[in-house]
Amino acid sequence: MSLVRVLVVAGCAWLHAQAWAAGPAAPPHTAPDTLAQRVMACTGCHGPEGRATNDGFYPRIAGKPEGYLYHQLLNFRDGRRQAAGMRFLLDPLSDAYLRDIARHFAGLGLLALGGLVLAFVVS
Ligand code: HEC
């Protein structure tokens, strides 16, 4: 074996060892695991943050009372109310999780409502 070959083999071994020492490759970029992220499937129809879109078809869900939203979600999941595309999303979800989703969307309206009240009080 020539000296060049020995050096090439040794160099490759050294590079390999460096890569091994660096540990596994960084994990692929993942989305943050928040409720806001999980309900992105809802906002495709109900608009950003559930605030509806201009098409006037899909109802706004942001800022509606938590209890109302929760019971509508139960109704859709359990087949008492129908909307194409919603039941299969809600079907596997527990009552507690639907309550969390309802609370999430109910809370999104508070800022806008607070702004309106403030504007009314100030004017
Ligand atoms: C494929 C479109 C679509 C998706 C996705 C969707 N919805 Fe809906 N949603 C609708 C439609 C259409 C209605 C209105 C149904 C009706 O008229 O009874 C509705 C109604 C609702 C209502 C009742 C609103 C009211 O004022 O009575 C709630 C609450 C709701 N959706 C929550 C959700 C949540 C939470 C998700 C995500 C898990 C979701 N939706 C995903 C289409 C969708």
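**Helix pair α4 and α6**

I looked up how α4 and helix α6 (residues 95-107) pack: their axes come within 8 Å and cross at roughly 135°. For the axes I used lines fitted to C-alpha atoms over the stretch in contact, with angles from 0 to 180 degrees between N-to-C directions. The two helices are therefore oblique to each other, since that word covers what is left after under 35 degrees (roughly parallel), over 145 (roughly antiparallel) and 65 to 115 (roughly perpendicular). My helices are DSSP runs of H or I with at least four residues, numbered from the N terminus.

I then listed the contact (C-beta atoms, placed from the backbone, within 7 Å). On α4 I found Glu66, Leu69, Tyr70, Leu73, Leu74 and Arg77, and among their partners on α6 are Leu98, Ile101 and Phe105.

**Model notes**

I am working with a predicted model, where local features need pLDDT of at least 70 and side-chain atom pairs 80 or more, while totals for chains, interfaces and linings use all residues. I number residues from 1 along each chain as its sequence is written.

**End of α4**

Just after α4, I noted that Gly79 takes a positive phi of about 85°.

**Ligand shell**

I counted 20 residues around the ligand, with Cys42, Cys45, Gln72, Ala83 and Gly85 coming nearest; to be near, a C-beta atom placed from the backbone must lie within 6 Å. Two or more residues each come from α3 (40-46), α4 (66-77) and α5 (87-90). I saw that α3 gives the largest share, five residues.

Terms used. Contact = placed C-beta atoms within 7 Å.
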